[in-house]
Amino acid sequence: MSDSPGVSKEMLHQGVTPPVAAANHPQMECGVQANVVPRQSFADLDRWMERYQQADPDAPTALVRALSPALLRFFKSQVASREQADDLLQETWLRIHRVRHTYRPGEPVLPWIYAIARRVRVDGYRRTRRITLREIAMELLPERPAPVRDRNVGPAFDTLVAALPEAQREVVTMLKVGGLTLEEVARATSSTVGAVKQKAHRAYERLRDLLQSGEGAKGAAQ
């Protein structure tokens, strides 16, 4: 990441996990815990983004340290390996650096950042798919590597959300890990608040069923 002044690869590996905050959805009382960005710090993030646009050298470090843990969890909930998630995280910060001028000061920065993260994930999926199809066409069929599991992350949240459909998994991760509100998730996903509520409700019902049936604990123990 040396081609992006102010955003270095080392910064992405200094992730400072923010403290756990309360869930922002009243139905999320099924015992699932995840690290989220403290709500009171969101105004500070908006200001850091404005300072980033003004070429403040401290701003990139502050944003990377505050948001990388949640963004990494977002990507890990969508892809098979930690390596892929790391690559998507780095690409996200590169893209944020390139398009930082498009952020509108005074608006919440989290929906803007997660919208970029979603596009990076989609682009990464398409790129991986093109490579896979090309390999198949050339009759190069190596064994598919087993998913890499991060032993340092508690299994409860990640194991449970893995059982959700992609759209629900995305919404729950933004709400629980990113700490976004329903309105901010709707903005980040180019959706409506009603659609987000519906996905979140169905996801919470599914997670509650898993916990009550014991499947979540079984998956965590394996």
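Guide: The side chain of Ser 81 reaches the backbone nitrogen of Gln 84 at 3.1 Å. This is a predicted model, in which local features need pLDDT of at least 70 and side-chain atom pairs count only at pLDDT 80 or more, while totals for chains, interfaces and linings use all residues. Residues are numbered from 1 along each chain as its sequence is written, and side-chain values use heavy atoms, with hydrogens and water left out.

Visitor: Where is Ser 81 found, and is Ser 81 buried or exposed?

Guide: Buried means under 20% relative accessible area, exposed over 50%, and partly exposed in between, with a 1.4 Å probe and protein chains only. Ser 81 is found in the loop between α3 (59-76) and α4 (82-99). With a relative accessible area of 13%, Ser 81 is buried.

Visitor: How many helices and strands are there in the protein chain?

Guide: Helices (H or I, at least four residues) and strands (E, at least two) are DSSP runs, numbered from the N terminus. The protein chain has 10 helices and 0 strands.

Visitor: At what angle do the axes of α7 and α9 cross?

Guide: Axes are lines fitted to C-alpha atoms, for helices over the stretch in contact (heavy atoms within 4.5 Å); angles run from 0 to 180 degrees between N-to-C directions. The axes of helix α7 (residues 166-178) and helix α9 (residues 193-213) come within 9 Å and cross at roughly 95°. Angles of 65 to 115 degrees count as roughly perpendicular, and α7 and α9 are therefore roughly perpendicular to each other.

Notes:
Parallel < 35°, antiparallel > 145°, perpendicular 65-115°, else oblique. Polar contact = N/O pair within 3.5 Å; in protein donor to acceptor, adjacent residues only side chain to side chain.
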